[in-house]
Amino acid sequence: LRALCYTTMFVFLSTGPTVSELVVKGEVGQNVTVPCFYSVKSTYDITSMCWGRGSCPSSKCYQPIIWTDGWKVTAQYDSRYTLKGNLLVGDVSLTIMNAKEADSGTYCCRVEIPGWFNDQTSNHEVVIEKARISTASPHTYTSEQTSAPGSASESSFTITRTWPSVSASKAPQAASGPCSGPLDCLDVTANLQNVSVSLPSQQHSQYELYIGIGLSVVLLAILILALFLT
C-alpha cells in the first residue's frame with residue numbers, strides 16, 4: 001500500500017501542463033519567432049513567465065533570456081531577444097532578431113501559474129540555417145531606349161531580359177564558308193549545278209561549228225578545183 005502511494009505521488013508530481021517539443025526553423029539574418037501562449041480570461045490570469053536556453057527544469061529557467069511580471073518585461077539579457085506579442089492576452093512568443101547559427105538549440109518557455117506544479121512549460125527546438133544562395137548564372141541582356149531630345153514624350157527606360165545559359169554542346173554552330181544562311185547555300189549549289197551542266201553543251205556546240213566550217217572550206221575547195229579542171 002505504501003509503494004502504491006509513492007507511485008501515485010510520483011505520477012502526480014511528474015505530470016503537468018507541459019507542451020510537447022516544437023521545432024522552429026529560420027535562416028541567418030532573419031527575425032525568427034518562437035511561439036508561446038497561455039490562456040488569459042481576465043486580468044487575474046496574467047502571470048509571470050520566463051524564457052531560457054536549454055530544456056525546462058523543474059522550476060524557473062536555466063540560462064534565462066527574458067523575465068516578465070506578466071505585464072511587462074522586467075529582465076532582458078540580450079537585446080536581440082524580445083517579446084513583440086501582447087503580454088496582456090497571453091502572447092509571450094519570443095522573437096530572435098537577426099538570427100545567427102549560434103542561436104540554434106533548445107529554448108524553454110515557462111509560464112508561472114500559481115499553485116503547486118501548475119507551471120506551463122514547453123520546449124522549442126530552434127534551427128537556424130545559412131541562407132540559400134542560387135547557383136544559377138543566367139545571362140542578362142539590357143537595352144536602353146531614349147526618345148529624341150525635345151520631344152513631348154521624352155523619356156528613358158531600360159528593358160532587361162534574362163534567359164538561362166546554354167551549354168556548348170547545344171549551342172548552334174557558326175556558319176562557315178561563303179554561305180550566310182541555308183537559302184544562300186541552296187542558291188550557290190544550284191548555280192554550280194547549272195554551270196557544270198552548261199559547260200559541256202557549249203563546248204559541243206563549238207566543236208560542231210568548227211566541223212561545219214571545215215567541211216564548208218573542203219567543199220569550196222573541191223568546187224574550185226572542179227571548175228578549174230573543166
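1. Trp-116. In this predicted model, Trp-116 is exposed, with a relative accessible area of 75%. That figure is over the 50% cut-off, so the residue falls in the exposed class. Trp-116 pairs with Phe-117 in an edge-to-face arrangement. The ring centres are 6.1 Å apart, and the planes make an angle of 85 degrees. Phe-117 counts as partly exposed, at 43% relative accessibility.

2. The other aromatic pair. The count of aromatic pairs comes to 2. Tyr-81 and Tyr-107 make a tilted pair, 6.4 Å from centre to centre, with 45 degrees between the planes. This pair links distant parts of the chain. Tyr-81 sits in strand E6 and Tyr-107 in strand E8, 26 residues apart. Tyr-81 is buried at 5% relative accessibility. Tyr-107 is buried too, with a relative accessible area of 0%. Both values are under 20%, so both tyrosines are classed as buried.

3. Surroundings of Tyr-107. Leaving aside neighbours within four places in sequence, which residues is Tyr-107 in contact with? One group is Trp-51, Gly-52, Arg-53 and Gly-54, and these are among the contacts. Ile-65, Tyr-81, Leu-94 and Ile-96 also belong to the list. Ser-122, Asn-123, His-124 and Val-126 complete it.

4. The largest nonpolar core. This core has 22 residues. Which of them touch the most other members? They are Trp-51, Leu-94, Ile-96 and Tyr-107. Strands that each supply at least two residues include E2 (32-34), E3 (49-53) and E4 (64-68). E8 gives the most, with 3 residues. In soluble globular proteins, nonpolar side chains tend to be buried together.

5. A separate core. Another core, of 5 residues, lies apart from the largest one. Its members include Cys-50, Cys-61, Ala-75 and Cys-108.

6. Strand E3 and its partners. E3 is mostly covered, with 4 of its 5 residues buried. E3 runs antiparallel to E4, and 4 bridges join the two. Gly-52 has Pro-64 in E4 as its bridge partner. E3 also pairs with E8 in the antiparallel sense, over 5 bridges. There, Met-49 stands opposite Val-111 of E8.

7. The open sheet. How many strands form the open sheet, and in what order? There are 3, ordered E2-E7-E6, with antiparallel pairing. E2 and E6 (81-82) stand at the edges. Each has a single partner strand, so one side of each is left without a neighbour in the sheet. E2 and E7 are joined by 3 bridges. Within that pairing, Thr-33 has Thr-95 in E7 as its bridge partner.

8. Thr-68. A polar atom of the Thr-68 side chain lies 3.3 Å from the backbone nitrogen of Gly-70. Not counting residues up to four places away in sequence, Thr-68 touches Thr-47, Ser-48 and Met-49, among others. Val-73, Thr-74, Leu-83 and Leu-87 are also touched by Thr-68.

9. Lys-60 is partly exposed, with a relative accessible area of 46%. Gln-63 lies in the loop between E3 and E4 as well. Phi of Gln-63 is near 45 degrees, again a positive value in a residue other than glycine. Gln-63 counts as exposed, at 58% relative accessibility.

Conventions:
Residues numbered from 1 in each chain as written. Predicted model: local features only at pLDDT ≥ 70, side-chain atom pairs only at ≥ 80, totals over all residues. Heavy atoms only, no water. Core = buried A, V, L, I, M, F, W, Y, C linked by side-chain atoms within 4.5 Å. Buried < 20%, exposed > 50% of the residue type's maximum accessible area, 1.4 Å probe, protein only. Contact = heavy atoms within 4.5 Å. Polar contact = N/O pair within 3.5 Å; in protein donor to acceptor, adjacent residues only side chain to side chain. Pairing = 2+ DSSP bridges. Phe/Tyr/Trp six-rings, centres within 6.5 Å; stacked < 30°, edge-to-face > 60°.
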